[in-house]
Amino acid sequence: MVKSDLATVSVTSVPATDMRDACFEELRKLAASDRNVVVMTDDMGAFSLDKFKKDLAPQYFNMGIAEQNIVSVAAGLALGGKRPFIYGISTFVTMRCYEQIRVDLCCMNLPVTIIGSGAGYTYGSDGPTHHATEDVAIMRALPEMTLFNPSDPVMTAAMVRMAYTHSGPSYIRIEKGTLPCLYAEQHDFQRGFEVLRPGRDVVIVATGVMVHSALQVAGELSNHSLDAGVVDLYRIKPVDEEALSSSLGQAAWLITIEENSIIGGIGSLVAEIMAGRSRPVPLQRIALPDRFCCEYGSREWLRARHGLDVKSLTRTILEWK
């Protein structure tokens, strides 16, 4: 059971919005009021990004497909008083330039924000070079790094504002496409996680787009007389470990679901927190296996192939129980 003093968030009726539009519209507002805000891309495009480029051309830089150089240039700009935001496909703006992020940004604790688009199997048909399935693990490991994984457009805009005011490096892992809103515009995201649905029998912890799947799974489980809760863990680092463990420690059993590698993601995070605070709650981690996916297809097909569609998730949880 999730503790009663943690408020449950009601799902809003706000229309679905493209996550990138929410991100870049908020960035455009910030940049319009602060000339130090600059956006740097690796030859990426998006409708809302084109609007930013048109309205604020002096604050937009297409650096070409040279992510290592982008990070180092961003570090130099930050040292000169700018607030750089780097945008690109998740795999390329994390793994390709990991050393530069570690040394140029984290070692100096500089206020540079990396926005990675295309989490998990978003680019399913492009193969393992484009699958962002290890970025959570590697970015979690970096000292000074703040890691956001928003689950809806309202939260995405809020994460941009939070990164703007943060004094160190941040990574915002956004979806490519449209998602319905779960939160009201005035919601406070400082805590880093929210209880979207309380549960007596099982609590599902999810992040990013998988929060929507978790809510569907919870609904399916109710048809099997299981009262399932859902927790949205949207700030993966830093985590309010005491608050999260106090909340999850009241559950009869826990499930984590994520479109990431089984190693180093939120399943590992929850296990570390619960074990470190001696809260013996049964935990089942559902994630991608520890191997590269060399199959090609749509994101939905790959999810079903690896047991991350709603039907498979529901079956796995029922079988485990």
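## Salt bridges

In this predicted model, Arg 140 forms a salt bridge with Glu 272, and the closest N and O atoms of the pair are 2.7 Å apart; a salt bridge here is a side-chain nitrogen of Lys or Arg within 4 Å of a carboxyl oxygen of Asp or Glu. The pair links distant parts of the chain, since Arg 140 belongs to helix 5 (residues 135-140) and Glu 272 to helix 9 (residues 266-276), 132 residues apart; helices are DSSP runs of H or I with at least four residues, numbered from the N terminus. Arg 140 is buried, with a relative accessible area of 17%, whereas Glu 272 is partly exposed at 45%, where buried means under 20% relative accessible area, exposed over 50%, and partly exposed in between (1.4 Å probe, protein chains only).

By this rule the count comes to 15 salt bridges. Glu 25 pairs with Lys 51, with the closest N and O atoms 3.9 Å apart, and this pair joins helix 1 (residues 19-33), which holds Glu 25, to helix 2 (residues 47-55), which holds Lys 51, across 26 residues. Both partners are partly exposed, Glu 25 with a relative accessible area of 25% and Lys 51 with 38%. Asp 55 forms a salt bridge with Arg 28, the closest N and O atoms being 3.7 Å apart, and again the link runs between helix 2, with Asp 55, and helix 1, with Arg 28, 27 residues apart. Asp 55 counts as partly exposed at 41% relative accessibility. Salt bridges that share partners join Glu 25, Arg 28, Lys 51 and Asp 55 into one network.

## Nonpolar cores

The largest nonpolar core has 62 residues, of which Leu 27, Met 159, Phe 189 and Ile 257 touch the most other members; such a core is a set of buried Ala, Val, Leu, Ile, Met, Phe, Trp, Tyr and Cys residues joined through side-chain atoms within 4.5 Å. Leaving aside neighbours within four places in sequence, Met 159 is in contact (heavy atoms within 4.5 Å) with Phe 148, Pro 150, Ile 172, Phe 189 and Tyr 234. Apart from this core lies another, of 39 residues, among them Cys 97, Val 136, Val 195 and Ile 273.

## Cavity and pocket

A search of the whole structure finds one cavity of 30 Å³ or more, and about 60 Å³ of space lies in the largest cavity. On a 1 Å grid over the protein atoms alone, a cavity is a set of points where a 1.4 Å probe fits but cannot get out, while a pocket is an open set with protein on both sides within 12 Å along at least five of seven lines, and lining residues have an atom within 4 Å of a point. Grid points are joined across faces, edges and corners, and a volume is the space filled by probe spheres set on the points. Residues lining the largest cavity include Asn 149, Arg 173, Glu 175, Glu 259 and Arg 299.

The second largest pocket contains about 160 Å³ of space, and its lining includes Tyr 121, His 131, Glu 134, Asp 290, Arg 291 and Cys 293.

## Basis of the values

Residues are numbered from 1 along each chain as its sequence is written, and side-chain values use heavy atoms, with hydrogens and water left out. Because the model is predicted, local features need pLDDT of at least 70 and side-chain atom pairs count only at pLDDT 80 or more, whereas totals for chains, interfaces and linings use all residues.

Methods: Helices (H or I, at least four residues) and strands (E, at least two) are DSSP runs, numbered from the N terminus.
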